[in-house]
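Take a look at the picture first, then read on.

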Amino acid sequence: MHRGSYWRGQGPDPKREQFRRYLEKAGVVDSLTSVLVSLYEQQEKPNNALEFVKQQLGAVGQTSEDAEALQQEVINLRQKCARLAGENKELKAKLQRYESVPEDGGTAN
(Lines give C-alpha, C1' and ligand atoms only; values in the text may rest on other atoms or scores of the structure.)
Protein backbone atom coordinates (compact mmCIF):
# COMPACT_ATOMS: atom_id res chain seq x y z
CA MET A 1 0.00 0.00 0.00
CA HIS A 2 1.39 3.42 -0.95
CA ARG A 3 1.58 5.84 1.98
CA GLY A 4 -0.56 8.48 0.32
CA SER A 5 -3.30 6.09 -0.80
CA TYR A 6 -4.55 5.73 2.78
CA TRP A 7 -5.55 9.38 2.89
CA ARG A 8 -7.02 9.54 -0.64
CA GLY A 9 -9.72 6.93 -0.10
CA GLN A 10 -13.25 7.33 -1.43
CA GLY A 11 -15.86 8.08 1.22
CA PRO A 12 -15.68 7.65 4.97
CA ASP A 13 -13.49 4.79 6.14
CA PRO A 14 -14.05 3.54 9.71
CA LYS A 15 -10.38 2.58 10.11
CA ARG A 16 -9.30 5.99 8.88
CA GLU A 17 -11.70 7.75 11.27
CA GLN A 18 -10.54 5.58 14.18
CA PHE A 19 -6.91 6.40 13.38
CA ARG A 20 -7.73 10.13 13.18
CA ARG A 21 -9.37 10.01 16.63
CA TYR A 22 -6.36 8.13 17.97
CA LEU A 23 -4.00 10.85 16.66
CA GLU A 24 -6.18 13.59 18.14
CA LYS A 25 -6.41 11.88 21.53
CA ALA A 26 -2.64 11.33 21.64
CA GLY A 27 -2.00 15.02 20.96
CA VAL A 28 -0.28 14.32 17.65
CA VAL A 29 -2.65 16.51 15.62
CA ASP A 30 -2.19 19.47 17.99
CA SER A 31 1.60 19.09 17.98
CA LEU A 32 1.81 18.86 14.20
CA THR A 33 -0.55 21.80 13.79
CA SER A 34 1.53 23.88 16.18
CA VAL A 35 4.76 23.06 14.34
CA LEU A 36 3.25 23.77 10.92
CA VAL A 37 1.82 27.09 12.13
CA SER A 38 5.26 27.96 13.51
CA LEU A 39 6.82 27.16 10.14
CA TYR A 40 4.16 29.22 8.34
CA GLU A 41 4.84 32.19 10.62
CA GLN A 42 8.61 32.17 9.99
CA GLN A 43 9.54 35.35 8.13
CA GLU A 44 12.50 33.61 6.54
CA LYS A 45 11.61 30.05 5.69
CA PRO A 46 14.31 27.53 6.63
CA ASN A 47 16.22 25.86 3.80
CA ASN A 48 15.30 22.43 5.13
CA ALA A 49 11.65 22.42 6.19
CA LEU A 50 11.77 18.78 7.26
CA GLU A 51 14.71 19.45 9.59
CA PHE A 52 12.81 22.42 11.05
CA VAL A 53 9.79 20.19 11.74
CA LYS A 54 12.01 17.52 13.33
CA GLN A 55 13.67 20.09 15.60
CA GLN A 56 10.34 21.60 16.60
CA LEU A 57 8.80 18.21 17.32
CA GLY A 58 11.88 17.23 19.32
CA ALA A 59 11.50 20.36 21.39
CA VAL A 60 7.82 19.63 21.97
CA GLY A 61 8.53 16.06 23.06
CA GLN A 62 11.48 17.01 25.25
CA THR A 63 9.48 19.57 27.14
CA SER A 64 7.09 17.00 28.46
CA GLU A 65 9.82 14.47 29.22
CA ASP A 66 12.07 17.13 30.75
CA ALA A 67 9.26 18.41 32.94
CA GLU A 68 8.51 14.89 34.11
CA ALA A 69 12.19 14.22 34.84
CA LEU A 70 12.51 17.52 36.70
CA GLN A 71 9.41 16.81 38.77
CA GLN A 72 10.82 13.42 39.74
CA GLU A 73 14.15 15.04 40.59
CA VAL A 74 12.38 17.57 42.84
CA ILE A 75 10.58 14.73 44.64
CA ASN A 76 13.86 12.85 45.11
CA LEU A 77 15.69 15.95 46.34
CA ARG A 78 12.92 16.78 48.81
CA GLN A 79 13.08 13.25 50.21
CA LYS A 80 16.87 13.48 50.46
CA CYS A 81 16.64 16.89 52.15
CA ALA A 82 14.17 15.55 54.72
CA ARG A 83 16.42 12.53 55.38
CA LEU A 84 19.50 14.73 55.76
CA ALA A 85 17.65 17.15 58.05
CA GLY A 86 16.72 14.23 60.30
CA GLU A 87 20.29 12.94 60.25
CA ASN A 88 21.59 16.44 61.02
CA LYS A 89 19.23 16.69 64.01
CA GLU A 90 20.44 13.32 65.34
CA LEU A 91 24.10 14.27 64.92
CA LYS A 92 23.58 17.60 66.67
CA ALA A 93 21.95 15.80 69.61
CA LYS A 94 24.90 13.35 69.82
CA LEU A 95 27.40 16.21 69.61
CA GLN A 96 25.62 18.08 72.37
CA ARG A 97 25.81 14.99 74.63
CA TYR A 98 29.57 14.66 74.02
CA GLU A 99 30.18 18.36 74.56
CA SER A 100 28.39 18.27 77.92
CA VAL A 101 30.74 15.56 79.28
CA PRO A 102 33.88 17.09 80.92
CA GLU A 103 37.25 15.98 79.51
CA ASP A 104 38.39 14.39 82.79
CA GLY A 105 35.64 11.79 82.46
CA GLY A 106 33.65 13.10 85.39
CA THR A 107 30.09 14.27 85.28
CA ALA A 108 29.15 17.86 84.63
CA ASN A 109 27.71 19.84 87.54
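Val35, Ser38 and Leu39 are the buried residues of helix 2; "buried" means under 20% relative accessible area, "exposed" means over 50%, and "partly exposed" is anything in between (1.4 Å probe, protein chains only). Look down the axis of helix 2 and those buried residues fall within an arc of 100°, so they line one face of the helix. That arc is taken from the directions that run from the helix axis to the C-beta atoms. Over on the other side of helix 2, Asp30, Tyr40 and Glu41 are exposed.

How far apart are the end C-alpha atoms of helix 2? They sit 20 Å apart, and this agrees with the span of 20 Å that the 14 residues (28-41) should give at 1.5 Å a residue. The expected span is 1.5 Å times one less than the number of residues in the helix.

Before going on, a word on where all this comes from. This is a predicted model, in which local features need pLDDT of at least 70, side-chain atom pairs count only at pLDDT 80 or more, and totals for chains, interfaces and linings use all residues. Residues are numbered from 1 along each chain as its sequence is written, and side-chain values use heavy atoms, with hydrogens and water left out.

Now zoom out. The chain has three helices and zero strands, and its pattern along the sequence reads α-α-α. Helices (H or I, at least four residues) and strands (E, at least two) are DSSP runs, numbered from the N terminus. Of the chain's 109 residues, 6% count as buried. The chain exposes about 10,100 Å², with carbon and sulfur atoms supplying 53% of that; such areas come from the Shrake-Rupley method with a 1.4 Å probe, and for residues only the protein chains shown count as cover.

Next, the charged side chains. How many salt bridges does a search of the whole structure find? It finds three, where a salt bridge is a side-chain nitrogen of Lys or Arg within 4 Å of a carboxyl oxygen of Asp or Glu. Here they are:

| Salt bridge | Closest N and O atoms |
|---|---|
| Glu17 and Arg20 | 2.0 Å |
| Arg21 and Glu17 | 3.9 Å |

Together, Glu17, Arg20, Arg21 and Glu24 are linked in a network of salt bridges. Glu17 and Arg20 both lie in helix 1 (residues 14-25), three residues apart, while Arg20 and Glu24 are four residues apart in helix 1. Arg21 and Glu17 are separated by about one helical turn because they are four residues apart in helix 1. An α-helix has 3.6 residues a turn, so residues three or four places apart point the same way.

How open are these side chains? Glu17 is partly exposed at 31% relative accessibility, and Arg20 is partly exposed at 32%. Arg21 counts as partly exposed too, with 45%, and so does Glu24, with 41%.

Finally, the greasy bit: Val28, Leu32 and Leu57 make a nonpolar surface patch of about 200 Å². Patches are built from residues with over 30% relative accessible area and no salt bridge, joining like charges within 9 Å and nonpolar side chains (Val, Leu, Ile, Met, Phe, Trp, Tyr) within 5 Å. Leu57 sits in helix 3 (residues 49-100), and at 32% relative accessibility Leu57 counts as partly exposed.
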